[in-house]
Amino acid sequence: VFVIGSGMSGMTVANKCASKDLKVGITDELPYGGTCALRGCDPKKVIIGATEVRDFAQRLKGNGIDTV
């Protein structure tokens, strides 16, 4: 089996095929890992998570919790 794309879907297919003792090859035109891990979902969650924490802390200011 030759899988095109090393993102979550490609890796899932590759791992399932390999677990069935099939020979598996995988390729991607971009760095290994796919869009979600490298450029999409995960990096976005890290950046948004930090800004949400800061916003939440700012909104609590004056309500018994102060930011430093």
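Biologist: Happy to look at this one with you. Where does Ser6 lie, and is Ser6 buried or exposed?

Modeller: Bear in mind that this is a predicted model. Ser6 sits in the loop between strand 1 (2-4) and helix 1. Its relative accessibility is 2%, and the cut-off for buried is under 20%. So Ser6 counts as buried.

Biologist: Which residues is Ser6 in contact with, once its neighbours within four places in sequence are left aside?

Modeller: Contact here means heavy atoms within 4.5 Å. On that basis, the partners of Ser6 are Met11, Ile26, Thr27, Asp28, Pro31, Tyr32, Gly33 and Gly34.

Biologist: Thanks! Stepping back, what pattern does the chain follow along the sequence?

Modeller: There are three helices and two strands in the chain. Taken in sequence order, they give β-α-β-α-α.

Biologist: And why is the chain described as more spread out than a compact globule?

Modeller: Good thing to ask. The C-alpha trace spans about 60 × 25 × 15 Å along its principal axes, and 15% of the 68 residues count as buried. For 68 residues the globule rule gives 11 Å, and the chain is well over that, so it is more spread out than a compact globule, with a radius of gyration of 20 Å.

Biologist: How many salt bridges does a search of the whole structure find, and which side chains meet there?

Modeller: In general, side chains of opposite charge can pair when their charged atoms come close. The search finds one salt bridge. Both partners lie in helix 3 (residues 41-60), four residues apart, about one turn of the helix. With 2.9 Å from N to O, the pair is Arg59 and Asp55.

Biologist: Nice. Which of these counts as exposed, and which as partly exposed?

Modeller: The cut-off for exposed is over 50%. Asp55 has a relative accessible area of 39%, so Asp55 is partly exposed. At 53% relative accessibility, the residue that counts as exposed is Arg59.

Terms used: Residues numbered from 1 in each chain as written. Predicted model: local features only at pLDDT ≥ 70, side-chain atom pairs only at ≥ 80, totals over all residues. Heavy atoms only, no water. Rg over C-alpha atoms; globule rule 2.2 N^0.38 Å. Buried < 20%, exposed > 50% of the residue type's maximum accessible area, 1.4 Å probe, protein only. Salt bridge = Lys/Arg side-chain N within 4 Å of Asp/Glu carboxyl O.
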